Amino acid sequence: KSSLSPPFCCPHCRKRVSFEEYISCCSPCLHALVSRNHKGCDLMEQPTAWENQTNNHWVRKRTMGRKTSKKHAGVNTDHTVESVSGGNADDNNRSHKDKKTTHVPQTSFLRKQIDPETAKYFAEIANAIEGTEIDPEERSVICGNALEETRGKEAELATDYIISHTLQTLLEGCSLDHLCSFLQSCAKNFSHIAADRSGSHVVETALKSLSFQLQDNENHSLIEHALKKICKAIVVNPVDIMCNCHGSHVLRSLLCLFKGVPLEEFHSTKSSVGLAERLNLKAPHAKDNVSLQSVQIFPSLLKKFISEMLNAASEDISKLQMNQYSSLVLQTVLKLLAGNEQELLHLIRVLLGSSAGSANAGNLLEGITIRNILRLVEETAYSHLMEAILEFAPETLYNELLTKVFRKSLFRMSSHHCANFVVQALASHAKSQDHMDLIWEELGTKFRDLFEMGKSGVVVSVLAATQRLHSNEHECCQAIAAAVCTGDEFPKCIVPRILFLENFFCSRDKSNWSWPHGTKIHVVGSLILQSIFRLPSELIQVYVTSITSLEEHHVLEASKDPSGSRVIESFLNSNISGKQKRKLVAKLRGHFGELSVHPFGSFTVEKCFTTSNLNLRETIVSEMLPLQSELSKSKQGPYLLRKLDIDGFARQPDQWKLRQASQQSALKEFYATFGPKETKSFEKEESFLADTISKSKPGKLKDIRKEIETTLASAKTSNTPFLAHQVSKKVKRSKDEKKRHRKDGESESKRKKIKV
């Protein structure tokens with residue numbers, strides 16, 4: 001009582017302070033101030049308006065960063081970002097509930113004030129185990145005994161800003177029995193703890209520690225029992241925890257634990273990974289699908305928990321669709337169910353708003369309001385959710401979404417700042433050429449409009465889809481060229497305008513537009529050209545003419561740009577003739593030394609060397625020779641010095657030329673022996689292997705690879721090594737030949753005798 005009467009006494013630092021000092025003190029003191037309104041010293045979990053403002057002030061001033069340890073760095077970092085970015089957004093949404101919702105309302109959570117003795121005890125525990133080297137067994141005993149002291153007070157301690165740090169350390173060092181016991185004790189107030197800024201970190205630390213215990217199969221039954229108890233507490237009212245920024249993160253970690261996948265795998269997703277998949281730069285979910293399907297820890301518990309959670313929230317689906325935090329939970333659920341077609345089909349139909357008994361064969365979306373979906377895709381949270389739905393939807397459901405919902409609305413969606421990402425997902429996950437034809441029918445003639453609206457991402461997604469499905473490739477290349485360049489300047493201006501896509505379409509006088517010196521090359525324009533140069537050479541001749549018509553200083557400037565250098569490299573890696581490639585390389589003559597010490601130009605120099613003939617190679621190395629000392633200090637320089645053998649050229653130029661010529665002839669012979677038949681005949685001008693490799697079709701290389709694999713498999717079935725198998729064949733052949741020679745010799749001697 002004395003701590004609640006003026007002058008105020010801080011329950012943590014035990015200092016007597018005035019009211020103004022009390023407010024400006026550490027944020028946990030604010031919770032103690034609220035308790036003055038309650039005789040029983042109970043604290044409301046939900047802060048008042050002035051408390052939110054003060055907390056946000058201290059979040060900005062002190063960043064309120066959670067402790068970061070090497071073992072748990074992935075969880076805490078992401079959590080801090082979420083809490084700062086939108087901590088109370090869900091509270092505002094909660095005030096506008098639909099009157100028709102009938103889910104159980106979240107009761108007020110009364111949190112008791114921590115008594116000074118308990119605070120002092122955990123402070124001593126923290127001093128004893130943090131920053132000191134203790135025997136692991138002794139540390140486990142100390143952590144277990146300390147966790148036993150939390151029994152009955154888990155919610156108060158876990159949601160305390162200072163003591164929650166100590167609890168995280170205890171949960172990292174305790175035994176499995178104490179860990180599961182703590183989680184079971186938290187089940188009663190689990191939703192309140194998980195939705196708290198400090199408590200959520202405590203729960204995630206416990207789940208992280210559980211994930212390390214899953215390696216031992218004997219622990220699964222004990223862990224499963226604790227998780228079932230937590231699930232029962234969550235499904236009572238899952239909506240509030242799903243729509244909370246902290247609770248959403250905890251739920252995603254829990255779902256990942258059920259599946260047995262790393263907790264950080266879904267929390268630290270990079271946009272570059274999805275972009276690489278959309279542009280065919282990475283196989284779609286090649287690694288992820290293996291990891292998700294090969295590990296099954298609690299598959300039945302995962303499916304049951306998802307089903308019960310959706311059933312409990314069935315009347316609040318509209319709220320879950322619009323909330324950014326619940327959208328993240330639903331996206332994680334979709335990814336975890338990848339490969340389970342029936343579960344995915346049911347889940348997606350529920351998320352789209354379909355009733356359970358409305359599905360018929362070939363009519364899975366019956367009863368869904370199409371206008372409602374088209375309206376929702378213009379919302380940020382729902383557009384992200386729809387992208388995940390299109391990514392993991394079975395082909396039958398994808399087909400109905402495209403033909404019944406989005407058809408004849410693609411261009412209107414493409415012009416919207418949120419819905420255009422749904423169109424990109426539609427193109428990226430098209431299943432067949434028929435799907436691509438429908439998309440092309442609506443968007444193929446609208447490329448210029450999309451460029452002018454700044455929606456170039458839609459164009460590059462369509463281009464990548466045509467390349468992946470081998471449908472409308474040539475038409476797509478022609479449409480892009482026509483969108484950026486027409487009239488007398490065609491095709492010379494195609495590549496420059498795509499490189500500076502945004503600059504060109506923002507200019508008022510497009511007819512007099514010229515290369516903007518000192519301006520960064522547009523990233524999406526660079527990606528478009530990289531995708532185009534992966535197509536067959538007969539489809540992209542206008543682009544080849546355009547890039548080889550660039551001025552020398554333009555090629556040099558592009559080679560120094562991070563996006564432009566990749567375009568040059570993709571052109572040199574393409575299946576275009578070596579003569580055309582060397583025409584571009586020759587424009588950099590006199591600048592190879594300058595580029596070799598440049599962080600981006602050094603990669604271009606390497607590609608130029610691989611593409612060039614012997615004379616150009618000699619020119620490149622001779623220009624780099626005076627810069628050996630600078631190259632040795634740069635990042636890429638030592639690699640270039642070794643690969644180009646610059647030191648060898650400096651000592652013995654003639655010997656260097658002989659080595660280059662011998663390497664060339666050896667590579668020619670190797671590729672003539674093992675490469676496709678149509679590339680075995682080399683022209684005299686096509687000097688290097690890069691040209692012949694680029695001409696080979698990937699399908700024929702796959703046939704060669706299959707032939708080698710079958711040969712290896714036959715060698716394995718015969719229980720003999722591959723080389724021994726080949727040697728035995730040669731020995732048999734030699735024996736057969738000797739027998740044949742003997743027989744021939746005997747027959748000839750008989751003939752001679754007969755003649756005599």
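Predicted model: local features only at pLDDT ≥ 70, side-chain atom pairs only at ≥ 80, totals over all residues.

Student: Which residue's backbone oxygen lies 3.4 Å from a polar atom of the Arg468 side chain?

Tutor: Start with where Arg468 sits: helix H30, where helices (H or I, at least four residues) and strands (E, at least two) are DSSP runs, numbered from the N terminus. Arg468 also has its C-alpha 9.0 Å from that of Ser428, although 40 residues of chain separate the two. The backbone oxygen that comes within 3.4 Å of the Arg468 side chain belongs to Ala427.

Student: Is Arg468 buried or exposed, or does it fall in between?

Tutor: Buried means under 20% relative accessible area and exposed over 50%, with partly exposed in between (1.4 Å probe, protein chains only). Arg468 comes out at 32% relative accessibility. That makes Arg468 partly exposed.

Student: How many helices and strands does the chain have?

Tutor: The chain runs to 756 residues, and 49% of them count as buried. The tally of secondary structure is 48 helices and 4 strands.

Student: Which residues touch the most other members of the largest nonpolar core?

Tutor: A nonpolar core here is a set of buried Ala, Val, Leu, Ile, Met, Phe, Trp, Tyr and Cys residues joined through side-chain atoms within 4.5 Å. The largest one takes in 177 residues, and helix H30 (residues 456-469) gives the most to it, with 8. The two members that touch the most others are Phe406 and Tyr543.

Student: What is Tyr543 in contact with, once neighbours within four places in sequence are left aside?

Tutor: Contact means heavy atoms within 4.5 Å. With those neighbours set aside, the partners of Tyr543 are Cys477, Ile480, Ala481, Ile494, Val495, Ile498, Leu529, Ile532 and Phe533.

Student: Why do Phe500 and Trp515 count as edge-to-face?

Tutor: Rings of Phe, Tyr and Trp (its six-membered ring) pair if their centres lie within 6.5 Å; planes under 30 degrees apart count as stacked, over 60 as edge-to-face and the rest as tilted. The structure holds 10 such pairs. For Phe500 and Trp515 the centres are 4.9 Å apart, and the pair is edge-to-face because the planes meet at 75°.

Student: How far apart in sequence are the parts that the Phe500 and Trp515 pair ties together?

Tutor: Phe500 is in the loop between helix H32 (494-499) and helix H33 (501-506), and Trp515 is in the loop between H33 and helix H34 (523-532).

Student: Which residues form the aromatic cluster?

Tutor: Another edge-to-face pair comes in here: the rings of Phe504 and Trp513 have centres 5.6 Å apart and planes at 85°. Phe504 and Trp513 are both buried. The cluster is made up of Phe451, Phe500, Phe504, Phe505, Trp513 and Trp515.

Student: Where does His470 lie?

Tutor: Most residues other than glycine have a negative phi. His470 has a positive one, near 55°, and at 57% relative accessibility it counts as exposed. Asn472 also has a positive phi, near 60°, but at 19% relative accessibility Asn472 counts as buried. As for where His470 lies, it is in the loop between H30 and helix H31 (473-484).

Student: Which side chain makes a polar contact with the side chain of Gln530?

Tutor: Gln530 is part of helix H34 and counts as buried, at 13% relative accessibility. Beyond four places in sequence, Gln530 touches Arg566, Val567 and Ser570. Its side-chain polar contact, at 2.9 Å, is with Ser526.

Student: What is the relative accessible area of Trp656?

Tutor: Trp656 belongs to helix H45 (residues 653-674). Leaving out neighbours within four places, its contacts include Phe609, Arg617, Val621 and Leu644. Trp656 is buried, with a relative accessible area of 0%.

Key
Residues numbered from 1 in each chain as written. Heavy atoms only, no water. Polar contact = N/O pair within 3.5 Å; in protein donor to acceptor, adjacent residues only side chain to side chain.
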